[in-house]
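Thanks for making the time this morning. Let me put the chain up on the screen, and then I will walk through its strands and how they pair.

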Amino acid sequence: VQLQASGGGIAQAGGSLRLFCAASGRIFDIDLMGWYRQAPGKQREFVASITTRGVTNYSDSVKGRFTISRDNSANKNTFLEINVAQPEDTAVYYCNAGIPRKVAGMRDFYWGGGTQVTVSS
């Protein structure tokens, strides 16, 4: 599975950005797509995820401001819409994809390159 995140840039506080993650390769087996971010000097943290059934999950810090969505069920591409951006959202954003293993509850995760988001105050 190959993933490529794009759409990052500079936004002012209160503004919006839309990130895009393109998936290719062994996409048929993907059942979970997610976004993570890593700010300078901090560990990578979970932002949002969406299953192939459309079930979403968000971190508390972005709930109500960010929206994760799928392009369509066939290509597994995803979007992350950032609204009411805040300076603390500044980070490199990464998308990942999960493929279930034969062992129930286990997945293999794949990562793509990140895209920089900078929010100015």
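Read along the sequence, the chain runs β-β-β-β-β-β-β-β-β-β-β, which amounts to eleven strands and zero helices, where strands are DSSP runs of E of at least two residues and helices are runs of H or I of at least four, both numbered from the N terminus. Please keep in mind that this is a predicted model, in which local features need pLDDT of at least 70 and side-chain atom pairs count only at pLDDT 80 or more, while totals for chains, interfaces and linings use all residues. Residues are numbered from 1 along each chain as its sequence is written, and side-chain values use heavy atoms, with hydrogens and water left out.

On overall dimensions, a compact globule of 121 residues would have a radius of gyration near 14 Å, and the chain, at 14 Å, agrees with that; the radius is taken over C-alpha atoms, and the globule rule is 2.2 Å times the number of residues to the power 0.38. Buried residues, meaning those under 20% relative accessible area with a 1.4 Å probe and protein chains only, make up 39% of the 121.

Now to the pairing, where two strands count as paired if DSSP finds at least two bridges between them. There is an open sheet of four strands in the order β1-β3-β8-β7, paired antiparallel. β1 (2-6) and β7 (66-70) stand at its edges with a single partner strand each, so one side of each has no neighbour in the sheet. Within this sheet, β3 (residues 17-24) and β8 (residues 78-82) pair over five bridges, and R18 has E81 in β8 as its bridge partner.

What about β4, residues 32-38: is this strand enclosed or open? Five of its seven residues are buried, so β4 is largely enclosed by the rest of the structure. It runs antiparallel to β5, joined by six bridges, with M33 opposite I50, and also antiparallel to β9 (residues 91-100), joined by seven bridges, with Y36 opposite Y94. In the hairpin of β4 and β5, which has six residues between the strands, G41 takes a positive phi near 75°.

Finally, S49 lies in β5 (residues 45-51) and, at 11% relative accessibility, counts as buried. Taking contact as heavy atoms within 4.5 Å, and leaving aside neighbours within four places in sequence, S49 touches L32, M33, G34, V55, T56, N57 and I68.

Terms used. Buried means under 20% relative accessible area, exposed over 50%, partly exposed in between (1.4 Å probe, protein chains only).
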